[in-house]
Amino acid sequence: PSAKVLAFLLLLASVPAVAWADGDRASGRNAAHKFATLPEGVRFPEGIAANPANGDIYVATFDFSAPNKLLRYNRNGNLIAERDFGPEPLLGLAFRDGHVYIANAGNLAGIGPARIQRIAANFDSASPVGNVALIPVIGAPADRQEGNPDGSSDTIIFGANAPAPNAMAFDASGNLYVSDSFQGAIFRIANATTCAIPCPAVAVIQHPLLATAGFPPFGANGLALNGAGTQLFIANTGDDRVLRLHLASNDLRVFTESINGADGIAFDRSGRLWVAANQNDEIVAVNASGRVIMRLGAFQGIEKDGSPDGLLFPASVVIVGDEMFVTNLALPLNGVDGDETEEQVSRWTISRIKLP
C-alpha cells in the first residue's frame, strides 16, 4: 500500500475502541439508552414524572389485563417502591409539593369514576392514595369541518365518550390542567395542592380540535406550559398534531402537525418542545415556530430478555436537568395477532436520553 494508506491505517489503529453495553448500540439516531426494566409481569408503562430535588422517577402503568402499579425509581434506575392499583389503569403523572398526582382512568375498565388522585412522593406499598377531583361527564365536542384540496369539506361527528383523563401540567400558582382524550377537553383544578377535597374540575375548553377520529384513538393528550405560563401546548395523538391554547383568550390553534402519534410533551431549558412520536418510535424537538429541528431515538429490535432496544411506542417524557426519561408503552393496538412488534415484548422499559 502507498504511504498515505499506511498512514491512514496507523491512525485508525491508534483510535481507542468504544464498548457499548447491551441496548446502548451506537447509532446516529439511537440516543436512547435503557434506564430501568419494569418488574416481571408489570406491563405497559405510560405516565412518568420526576422529583427534581432528588432525581426520583415515577412511572404508572396502563394495563387492562394485569395489575397496575405506580413505581418509584432512584436516579440510578433502581426500583425503590411500588404501589398496587389493581385493575385500575393509570395514565399521566405530575409531581408537585412532595406529592405525585395520578390520572386514574379506572372508569375505562368499568371500575370507579375518572379521577385525579395523589400520593406522597416517598410512598411505599401501603401508602394511602387520596382522591383530589372527579372528571365530570360533559359529552362530545361539536362537529368538526375538515377542508379538502378541491374546496369541499368533510364533517367529523364525535360520539359521547366516557371521560379519559390523560396528561397533567401544573402552572406556577399550583393550578392543575388535565387533558381529556375522549371528551376533547381541558379541565383545570384550581389550587390543586391546597383545595378542599373533592376539588372541582372545571372545563377550560372543549373543542373539536381536541378530539380525534384518527389512530391511535386518543385526542387531547400530552400537556406543557410555556415558560411564562400563558400558553398551554396540547398533543393530539390521533391527529398527529400539537395545539397551542392562549389561556387569556381561550384561542386554540394548530401549532405543528405531521408528528406521527404525538403523545407526551415537555419543554427543556432552551425552550425546545420535545414530543414523543409514539408511532414513529422517536422523540422530536420543535422550535418556537413549530418546525421540527431534531429527532432522537429509534427502535433497534428486541433484546434477549424480551425488552425493546431503544424506543418502542414512547408515550410520556419528563426532563430532569439535561436528561430526558421516556416510557416505552409498547402497547399492541390493532387487534390482529402476530403482526405488531409490540406483541414480541415480554419485559417493559424506561429509556434515558441525553439532551443535545
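Predicted model: local features only at pLDDT ≥ 70, side-chain atom pairs only at ≥ 80, totals over all residues.
**Figure 1. Asp-84 counts as partly exposed, at 39% relative accessibility.** Asp-84 forms a salt bridge with Lys-69, and the closest N and O atoms are 3.9 Å apart.

**Figure 2. Arg-43 and Asp-63 join their side chains in a salt bridge.** Here the N to O distance is 2.8 Å. Both partners sit in loops: Arg-43 in the one between strand 1 and strand 2 (45-50), Asp-63 in the one between strand 3 (57-61) and strand 4. They are 20 residues apart, and the pair links distant parts of the chain. Is Asp-63 buried or exposed? Asp-63 counts as buried because its relative accessibility is 1%. Arg-43, at 24%, counts as partly exposed.

**Figure 3. Arg-253 pairs with Asp-251 in another salt bridge.** The closest N and O atoms of these two are 2.9 Å apart. Arg-253 has a relative accessible area of 53%, so it is exposed. Asp-251 is partly exposed, with 26%. Now look for Arg-144, Glu-146, Asp-239, Arg-241 and Glu-257: salt bridges link these five residues in a network. How many salt bridges does the structure hold? There are 16.

**Figure 4. Phe-35 and Tyr-73 make an edge-to-face ring pair.** Searching the whole structure turns up 11 aromatic pairs. Phe-35 and Tyr-73 are one of them: the ring centres are 6.3 Å apart and the planes meet at 65°, so the pair is edge-to-face. Why does this pair tie together separate parts of the chain? Because Phe-35 lies in strand 1 (residues 32-37) and Tyr-73 in strand 4 (residues 68-73), 38 residues apart in sequence. Phe-35 and Tyr-73 are both buried.

**Figure 5. Tyr-101 and Phe-170 also meet edge-to-face.** Their ring centres are 5.1 Å apart and their planes are at 75°, which is why the pair gets that label. Tyr-101 belongs to strand 7 (residues 99-104) and Phe-170 to strand 12 (residues 165-170), so this pair ties together parts that are 69 residues apart in sequence. Tyr-101 is buried, and Phe-170 is too.

**Figure 6. Four phenylalanines form one aromatic cluster, and two arginines sit over rings.** The members of the cluster are Phe-62, Phe-64, Phe-182 and Phe-218. The charged end of Arg-72 sits over the ring of Phe-123, at 5.4 Å from the ring centre. Arg-83 has its charged end over the ring of Phe-85, 5.9 Å from the centre.

**Figure 7. Cys-195 and Cys-199 are joined by a disulfide.** A disulfide is a covalent bond that connects the sulfur atoms of two cysteines. The link between Cys-195 and Cys-199 is right-handed, with 90° about the S-S bond. Cys-195 counts as buried because its relative accessibility is 15%. Cys-199 is buried too, with a relative accessible area of 3%.

**Figure 8. Asn-221 is found in strand 16 (residues 220-225).** With a relative accessibility of 4%, Asn-221 counts as buried. Which residues does Asn-221 contact, leaving aside its neighbours within four places in sequence? They are Asn-166, Ala-167, Ser-179, Ser-181, Ile-234, Ala-235, Thr-237 and Asp-263.

**Figure 9. Zooming out, the protein has 1 helix and 28 strands.** The C-alpha trace spans about 75 × 60 × 45 Å along its principal axes. For 356 residues, a compact globule would have a radius of gyration near 21 Å, and the protein's value of 21 Å agrees. Of the 356 residues, 53% are buried. Among contacts between residues at least 6 apart in sequence, 49% join residues at least 24 apart.

Conventions:
Residues numbered from 1 in each chain as written. Heavy atoms only, no water. Phe/Tyr/Trp six-rings, centres within 6.5 Å; stacked < 30°, edge-to-face > 60°. Helix = DSSP H or I, 4+ residues; strand = E, 2+ residues; numbered from the N terminus. Buried < 20%, exposed > 50% of the residue type's maximum accessible area, 1.4 Å probe, protein only. Lys NZ or Arg CZ within 6 Å of the ring centre and 35° of its normal. Salt bridge = Lys/Arg side-chain N within 4 Å of Asp/Glu carboxyl O. Disulfide = S-S within 2.5 Å. Contact = heavy atoms within 4.5 Å. Rg over C-alpha atoms; globule rule 2.2 N^0.38 Å.
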